[in-house]
Amino acid sequence: MKNILLVIIAFIGYTNCYAQVETDSIKKETDSKYREDQFYIAVTYNLLGNKPDMVSQSGFSSGFHLGFIRDFPINKRRNWALGLGLGLSSNSFNHNFLIQEDGAGYDYIVLDKSDIDYTKNKFTMYMVEMPLQVRWRTSTSDDYKFWRIYTGLNIGYVVYSSSKFKGDLGTIREGNIKSFNDFQYGLTVSTGYNTWNIYFYYGLNPIFDNISVNDVSVDMNAIKVGLIFYIL
């Protein structure tokens, strides 16, 4: 009887050890494949940086961004990674800077409401974007609520641009404006906890390509501040 009990105890011990090893092995295999591939949606408030003194903004200038980022972990714990993405965005800017086409090209006029009254004056850029990121997070393969800091470069290509004016001069619409820089790129930072994250973009090149108003060069760049949501 004693020998039978020893055999049973040994068998139970062996089974438990084997199950633990198998569980650890599965967990290790799962961890080794863990990555933070994510869809993202962002809403931003858009500002014009490096404005000439006579240019000002009014109203709410908005941006909408969505896309997908592929995650490439670079350390054993997999909390550091590189990110490469592809997305779309729409970016509008309300201002007093009128863009109007004439027979020879475009006229750029800084509006003064004491001379020309208007209710709307904005331009919009529709872009294909490619985010490039260095990513740090406190997540694990089974922890979906975590802190993150993602920073890097966002490269955008303007596929279509437009401007719209409504006021004393009537309604003026322009499309596919040639004076925009085709490529718009800038530094980005997104940081936060779980779903809610603050997003910041600072454009490194001008929105317009070599234009001037009253002999003053217009080198305005885009600055965007808002919220970005990451969805697994």
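## Strand pairing

In this predicted model, strand E1 (residues 38-49) runs antiparallel to strand E13 (residues 221-231), and the two are joined over 11 bridges. Ile 228 in E13 is the bridge partner of Ala 42. Strands (E, at least two residues) are DSSP runs, numbered from the N terminus, and two strands pair if DSSP finds at least two bridges between them.

E13 also pairs with strand E10 (residues 196-203), in the antiparallel sense, over seven bridges. Here Trp 196 has Phe 229 of E13 as its bridge partner.

## Positive phi in two loops

Most residues other than glycine have a negative phi. Asn 176 has a positive phi, near 50°. Asn 176 lies in the loop between strand E8 (170-175) and strand E9 (183-193). Its relative accessible area is 37%, so Asn 176 is partly exposed (buried is under 20%, exposed over 50%, partly exposed in between; 1.4 Å probe, protein chains only).

Asn 214, also not a glycine, has a positive phi of about 55°. The loop between strand E11 (212-213) and strand E12 (216-217) holds Asn 214, which counts as exposed at 65% relative accessibility.

## Confidence and conventions

The mean pLDDT (the predictor's confidence in each residue, from 0 to 100) is 86 for the protein, and 86% of its residues reach 70 or more. Over residues 1-30 the pLDDT is below 50, and this stretch has one contact (heavy atoms within 4.5 Å) beyond near neighbours in sequence. Where pLDDT is low, the predicted coordinates should not be read in detail.

Residues are numbered from 1 along each chain as its sequence is written, and side-chain values use heavy atoms, with hydrogens and water left out. Local features need pLDDT of at least 70 and side-chain atom pairs count only at pLDDT 80 or more, while totals for chains, interfaces and linings use all residues.

Technical notes:
Helices (H or I, at least four residues) and strands (E, at least two) are DSSP runs, numbered from the N terminus.
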